[in-house]
Amino acid sequence: MTIWNAEKQAVLEAGRRMSEKGFVVGTAGNISMRLKESGGRKFMAITPTSRYYDTIGVDDIAVVDFDGKHVEGEFSPSVETMLHIGVYKARKRVNAVIHSHPVFSSAFAVSGMEIPPIIEDQVTYLGGGIKVAEYALSGSEDLVKNALAALGPRNAVLLANHGAVCVGRDLREAFTNLEMLEKTAKIYICVLSIGRPTPIPAESLEAMSAYFIYMHGDSE
Ligand SMILES: [Zn+2]
């Protein structure tokens, strides 16, 4: 047991939920939470690499500092550790990151098609249209760079031929944003199969986008 036990427990539970809800298959995906600074160092708790979520315990959640140094946990941290650290460095108000492989969202990640802002809760929760980051190999420096560029100030981004990254001010919000992204992707696929989307009126889109920036923007 460590000072970060509660946070590790929350990361573990979110990992199990992500797996049970079918947002990943097998050991894929990874979840992290920003931890309180300790001794002037910044840390996060993150799921270990290549472990089934129903076989790991609280102590198996890794703790890593913002240089990527592994400080707690027997198993190696996720291969996407630097992606999570990159998000925390770029987005001061983000305290949780979930990388998953949700089926309908991944269809857009494979097609390379962005999801435009089609429905109101997508805009207020996720910040508008969802971009597809340029392809880069899993775990690479380019993946971090491309994902951050396409994420921008929003709460979700698609990784080409791979999956999704969703962020939030806390773990519950990041998980809700994952559910919101997948719901939006399903709706868009349905819309494309029956017709074309009717755009949200520009004034409303502007008002909802302003609300999102007020709630989630880094400049206060
Ligand atoms: Zn992945």
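Leaving aside neighbours within four places in sequence, L171 is in contact (heavy atoms within 4.5 Å) with A10, V11, A14, I31, S32, M33, A96 and I98. The structure is a predicted model, in which local features need pLDDT of at least 70, side-chain atom pairs count only at pLDDT 80 or more, and totals for chains, interfaces and linings use all residues. Residues are numbered from 1 along each chain as its sequence is written, and side-chain values use heavy atoms, with hydrogens and water left out.

L171 is also one of the residues with the most contacts inside the largest nonpolar core, which has 41 residues; M18, I98, I115, L158 and L181 are the others named in this group. A nonpolar core is here a set of buried Ala, Val, Leu, Ile, Met, Phe, Trp, Tyr and Cys residues joined through side-chain atoms within 4.5 Å, where buried means under 20% relative accessible area, exposed over 50% and partly exposed in between (1.4 Å probe, protein chains only). At least two residues of this core are supplied by each of helix 1, strand 1 (30-38), strand 2, strand 5, helix 3, strand 7, strand 8 and helix 6, these elements being DSSP runs numbered from the N terminus (helices H or I, at least four residues; strands E, at least two). Helix 6 gives the most, with eight residues. Apart from this core lies another, of 22 residues, among them I46, Y88, L151 and V157.

Eight strands form an open sheet of mixed pairing in the order 4-3-2-1-5-8-7-6, two strands being paired if DSSP finds at least two bridges between them. Strand 4 (70-72) and strand 6 (132-133) stand at the edges with a single partner strand each, so that one side of each is left without a neighbour in the sheet. Strand 1 and strand 2 pair in the antiparallel sense over five bridges, and R34 stands opposite M44 in strand 2. In the loop between strand 2 and strand 3 (62-65) lies T47, which is buried, with a relative accessible area of 1%; not counting residues up to four places away in sequence, T47 touches V11, G29, N30, I31, Y53, I61, P77 and S78.

The structure holds four aromatic pairs, defined as rings of Phe, Tyr and Trp (its six-membered ring) with centres within 6.5 Å, and classed as stacked with planes under 30 degrees apart, edge-to-face over 60 and tilted for the rest. One of them joins W4 and F43, whose ring centres are 5.0 Å apart and whose planes stand at 45°, so the pair is tilted. Because W4 lies in the segment before helix 1 (5-20) and F43 in strand 2 (residues 41-46), this pair ties together parts 39 residues apart in sequence. F108 and Y188 form a stacked pair, 5.4 Å centre to centre with 20° between the planes; F108 belongs to helix 3 and Y188 to helix 6 (residues 171-194), so parts 80 residues apart in sequence are tied together. Both F108 and Y188 are buried.

The zinc ion is coordinated by H99 (NE2), H101 (NE2) and H162 (NE2) at 2.0 to 2.1 Å. Donors are N, O and S atoms within 2.8 Å of the metal (3.2 Å for Na, K and Ca), and sites may look incomplete because water is not among the atoms. The donor residues are spaced H-x1-H-x60-H in sequence. H101, at 26% relative accessibility, counts as partly exposed, whereas H162, at 18%, counts as buried.
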